[in-house]
Amino acid sequence: MSQTAVHRPRKRFGQNFLHDRGILARMVAAIAPRAGDHLVEIGPGLGALTEPLLQHLDALDVVELDRDLIPHLQSLAGPDRLHIHQADALRFDFTVLADKPGSLRVVGNLPYNISTPLIFHLLENAPLIHDMHFLLQKEVVDRLAAAPGGKDYGRLSVMVQYACEVESLFRVPPGAFTPPPKVDSAFVRLTPYPEPPWRAIDPALLSRLVNQAFTQRRKTLRNAVKGLADSTDIEAAGLDPTQRPETLSVADYVRLANRLTDRPPEDA
């Protein structure tokens, strides 16, 4: 049965089904699944990636929102090998799948409309995750991997790079999908650090600081983070209050956040 006969892609779910076997083979090679790995696939769709993954695994968990796809997925393998969770990945509790820290390997061809909030949701569970491999809009991958100073560098870059090593692996053209999207895609690997290279004393404060800074990225740093930090704090962190938020590295933001957390009482 053809994929199109099985299911018509739904725009409201952001469904673009991958069909290019060459791209799928490259993805599986990059993931390098092994028997005993605990893989979780988000948005398996018609199982184009699910089937080749199962060839290497004892079992696989999949999280799929579209209930109409469940019968097709059930036909791919028995319930002892393919564990199907009909749920919204944005609200799914990944802790129920993890038996120990660093045990989960997460993969998926993610709908463009949920990719950024889903990555942030997964970062909340980063200690449980060994690595993540995602097929995303190329623009999102460019932002994930961006260096300070460029137009792609922003909140997503800083917060993901704080928690993970980011590797942009290869580009995927629109023709690899049904229906073809209007943009290029890219495959990316995110590997959570066991210990962040730059540890924030208060990660929630770091997140607030970065979010506020990039909300007003064209202002000077002093004005962008007004109310959270002043020139004294910025200079104490070894930074220039007149530089722009997009020029600060991840280490710079962590240093400034830690200054705010740990500053002397007379400066608070």
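**Reading the values of a predicted model**

Author: This model is predicted. With 268 residues, a compact globule would have a radius of gyration near 18 Å; the protein has 21 Å, which agrees. Its C-alpha trace spans about 70 × 40 × 30 Å along the principal axes. The protein has 11 helices and 9 strands.

Reader: What makes Arg 105 and Asp 131 a salt bridge?

Author: The closest N and O atoms of Arg 105 and Asp 131 are 2.9 Å apart. The cut-off is a side-chain nitrogen of Lys or Arg within 4 Å of a carboxyl oxygen of Asp or Glu, so the pair qualifies.

Reader: Why does the pair tie together separate parts of the sequence?

Author: Arg 105 lies in strand β5, residues 104–109. Asp 131 lies in strand β6, residues 129–137.

Reader: Why is Arg 105 called buried?

Author: Its relative accessible area is 7%. Buried means under 20%, so Arg 105 counts as buried. Asp 131 also has 7% relative accessibility and counts as buried.

Reader: What makes Lys 138 and Asp 142 a salt bridge?

Author: Their closest N and O atoms are 3.0 Å apart. That is within 4 Å, so the pair qualifies. Lys 138 and Asp 142 are 4 residues apart in helix α6, residues 138–145, and so are separated by about one helical turn.

Reader: Why is Lys 138 called partly exposed?

Author: Its relative accessible area is 29%. Asp 142, at 28%, counts as partly exposed.

Reader: How do you know that Arg 255 forms a salt bridge with Asp 252?

Author: The closest N and O atoms of Arg 255 and Asp 252 are 2.7 Å apart. The limit is 4 Å, so the pair qualifies. Both residues lie in helix α11, residues 250–262, 3 residues apart. Arg 255 is partly exposed, at 37%, whereas Asp 252 is buried, at 14%.

Reader: Which residues do salt bridges with shared partners join into one network?

Author: Arg 34, Asp 37, Arg 105 and Asp 131 are joined into one network.

Reader: How many salt bridges does a search of the whole structure find?

Author: The search finds 12 salt bridges. The protein has 30 positive and 32 negative side chains. The centres of the two sets lie 7 Å apart.

Reader: What share of the residues is buried?

Author: Buried residues make up 50% of the 268 residues.

Notes
Residues are numbered from 1 along each chain as its sequence is written. This is a predicted model: local features need pLDDT of at least 70, side-chain atom pairs count only at pLDDT 80 or more; totals for chains, interfaces and linings use all residues. Side-chain values use heavy atoms; hydrogens and water are left out. Helices (H or I, at least four residues) and strands (E, at least two) are DSSP runs, numbered from the N terminus. The radius of gyration is taken over C-alpha atoms; the globule rule is 2.2 Å times the number of residues to the power 0.38. Buried means under 20% relative accessible area, exposed over 50%, partly exposed in between (1.4 Å probe, protein chains only). Lys and Arg count as positive and Asp and Glu as negative; His and the chain ends are not counted. The place of a charge is taken as NZ of Lys, CZ of Arg, CG of Asp or CD of Glu.
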